[in-house]
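Here is a short briefing to read alongside your viewer. Take a look at the structure first, and then we will go through it together.

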Amino acid sequence: SSAASDVYKRQELEAVRARTQQSFEQYLPEPLERAKNGRVVTSGDYVMLIISGDNDTAIQMFRDGVKG
C-alpha cells in the first residue's frame, strides 16, 4: 500500500476515534476514558483503531495476529 493511502487510513481512523470519544461523553467515565485513550496503530499493510481497557495487550495481539 502507498504511504498516502496509509496516511488517509490513519486520518479516517483518528476521525472515528474522535467521534467515538464524543459519543461516549454521554456515558460513564470509564468508557469515555477508553475512547480518549484510543490508539490508531499500524502493522505492515494494516491499520487498526484500538479502544480497549488494555490498549497495550490489544495492540500486541493485533501485531501478533498480523504476523500470522
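What percentage of the 68 residues of the protein count as buried? The figure is 24%. Please keep in mind that this is a predicted model.

**Overall layout**
- The protein has 3 helices and 2 strands, and from the N terminus on these elements follow the order α-α-β-β-α.
- Along the principal axes, the C-alpha atoms fill a box of roughly 40 × 25 × 10 Å.
- Of the contacts between residues at least 6 apart in sequence, 25% join residues at least 24 apart.

**A closer look at helix 3**
- Helix 3 covers residues 55-67, which makes 13 residues.
- From its first C-alpha to its last, helix 3 reaches 18 Å, close to the 18 Å expected at 1.5 Å a residue.
- Asn55, Ala58, Ile59 and Phe62 are the buried residues of helix 3.
- Viewed down the axis of helix 3, these buried residues fall within an arc of 100°, so they line one face of the helix.
- In general, an α-helix has 3.6 residues a turn, so residues three or four places apart point the same way.
- The cover over the buried residues of helix 3 includes strand 1 (39-43) and strand 2 (46-50).
- Asp56, Met61 and Lys67 are exposed on the other side of helix 3.

Key:
Residues numbered from 1 in each chain as written. Predicted model: local features only at pLDDT ≥ 70, side-chain atom pairs only at ≥ 80, totals over all residues. Heavy atoms only, no water. Helix = DSSP H or I, 4+ residues; strand = E, 2+ residues; numbered from the N terminus. Buried < 20%, exposed > 50% of the residue type's maximum accessible area, 1.4 Å probe, protein only. Contact = heavy atoms within 4.5 Å. Expected span 1.5 Å × (residues − 1). Arc of directions from axis to C-beta.
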